[in-house]
Amino acid sequence: MFENRTVASFRRYRAHLLAASVALLLSACGGGPAGVPGFDSGSAEPAAPSGQTLGTGKVKVGLILPLGAEGQGGVVGNSLKNAAELALAEFPNADLTILVKDDRGTAEGARAAAQQAIGEGAELIIGPLFAPSVQAVGQVAKAANRPVMAFSSDSNVASRGVYLLSFPPENDVERVIAFAAQQGRKSFAALVPDTAYGKVVEAAFQQTAAARGVRVVIIERFGADAAAMQASVQRLMPALAQADALFVPAGADTMPALAQALQQAGFDPRKVKPLGTGVWNDQSMAQIPALNGGWFASPDTAGFNAFAARYQQRFNATPTRTATLAYDAVSLAAALARTQGSQRFSEAVLTNASGFAGADGVFRFRPDGQVERGLAVLEMRNGQIVTVNAAPRDLGARTP
């Protein structure tokens, strides 16, 4: 149980944290909350040298990122690093020293970076980004009894002590299917991409439908080319007469062609409600007639927009969409270092069921390393994306 005096102390500077959007509040046990797949393009920024440190506090934390990786990995890595710097600057009197390490986007580099960070006294590892790197870091960290907060969305690399602070697609699926069921949708069809991402969301769709007691009429997979999409849509259409919702988690790269095939086959979104995941959160998607009225789940955009404005002002660059992950991880580490003493990064503290609140809303870690997020449900409405069901402020009781 967290001590009441500690919680009270933390609440005294809560207003300052909220003003700075460092709203990572840790509740007492039993209390209320304290607090997409893919990478978006951002402005290219110079790579930080391996071995750079941020801050001068006594609590050391390793930050492992693909700073020197080629292509988009390096862009994302440096955006994450800048977000960590921003969080440290905005947290009042943060008692952290962040040991920045470059894994170059490889598992071997990540393993060496983790060994170096722990050798320099890191009590917690933040990052890395890619799943193979997370696995490598997890092995090193577990041997040294150090927890990890990593950024991969691949749930397969989560485990006890290796917590994924990311945007797992399973959260999106559960939220939007549950909301649709609550709104009276009872028979679901699915048209999913024949990709690794498609396999993940299809499994989550089946699991959520079963848990909610709704009927699955058909699941059809589609390939990447137009002919394959048309063939899949033709197989799907006869079954849609029995469905009142169509789950179609396709992104902006494939949805225009897929939507055209659906329209040509006679799909009517007024009769069968389109449903999607966070990959729909793109303004260009709102212009697609076949998705008009459709619902999808995603973090509330207000927090990211506020973060992005401050990031732009500090670095004169646009953050990648995943940059908030490093911001929240560093903010959380600073908050726990401030309030939780020697138990700051213990399993009991990190898996507190009340959870935390960050730039992308409330979240909590499960003991198995998975993350649960409070997501909003948004709607494609006449070319705009609007919120129809706000993200929760409290994640409620933890499910088994």
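**View 1. Helices H10 and H11 cross at roughly 90°.** Let's start where the axes of helix H10 (residues 301-315) and helix H11 (residues 323-339) come within 11 Å. Helices (H or I, at least four residues) and strands (E, at least two) are DSSP runs, numbered from the N terminus. The axes are lines fitted to C-alpha atoms, for helices over the stretch in contact, with angles running from 0 to 180 degrees between N-to-C directions. On the H10 side you will find Phe304, Phe307 and Arg310, and on the H11 side Ala323, Thr324 and Tyr327. Contact here means heavy atoms within 4.5 Å.

Before you go on, please note that this is a predicted model, in which local features need pLDDT of at least 70, side-chain atom pairs count only at pLDDT 80 or more, and totals for chains, interfaces and linings use all residues. Residues are numbered from 1 along each chain as its sequence is written, and side-chain values use heavy atoms, with hydrogens and water left out.

**View 2. Helix H3 also packs against H10, at an angle of about 95°.** The axes of H3 and H10 are 11 Å apart, and the two helices are therefore roughly perpendicular to each other. H3 brings Asn78, Ser79, Asn82, Ala83, Glu85, Leu86, Ala89 and Glu90 to the contact, and H10 brings Phe307, Arg310, Tyr311, Arg314 and Phe315. Sorted by class, these residues are 6 nonpolar, 3 polar and 4 charged. (Ala, Val, Leu, Ile, Met, Phe, Trp, Tyr, Cys and Pro count as nonpolar, Asp, Glu, Lys and Arg as charged, and the others, Gly among them, as polar.)

**View 3. Glu85 and Arg314 form a salt bridge.** Side chains of opposite charge can pair when their charged atoms come close. In this pair the closest N and O atoms are 3.4 Å apart; a salt bridge needs a side-chain nitrogen of Lys or Arg within 4 Å of a carboxyl oxygen of Asp or Glu. Because Glu85 lies in helix H3 (residues 72-90) and Arg314 in helix H10, the pair ties together parts that are 229 residues apart in sequence. Arg314 is partly exposed, with a relative accessible area of 44%. (Buried means under 20% relative accessible area, exposed over 50%, partly exposed in between, using a 1.4 Å probe and protein chains only.) By the salt-bridge rule, the count comes to 16.

**View 4. Arg221 and Glu202 meet in another salt bridge.** Their N-to-O distance is 2.8 Å. Arg221 sits in strand S8 (residues 215-222) and Glu202 in helix H7 (residues 196-212), 19 residues apart. Look at the two ends: Arg221 is partly exposed at 42%, whereas Glu202 is buried at 10%. Shared partners join Lys81, Glu85 and Arg314 into one salt-bridge network.

**View 5. Leu246 sits in the largest nonpolar core.** A nonpolar core is a set of buried Ala, Val, Leu, Ile, Met, Phe, Trp, Tyr and Cys residues joined through side-chain atoms within 4.5 Å. Of the 55 residues in this core, Leu246 and Met255 touch the most other members. Helix H8 (residues 226-240) gives the most to this core, with 6 residues. Leaving aside neighbours within four places in sequence, the contacts of Leu246 include Ala189, Leu236, Leu262, Phe267 and Val272. A second, separate core has 51 residues, including Leu96, Leu124, Phe151 and Tyr163.

Note on methods. Parallel < 35°, antiparallel > 145°, perpendicular 65-115°, else oblique.
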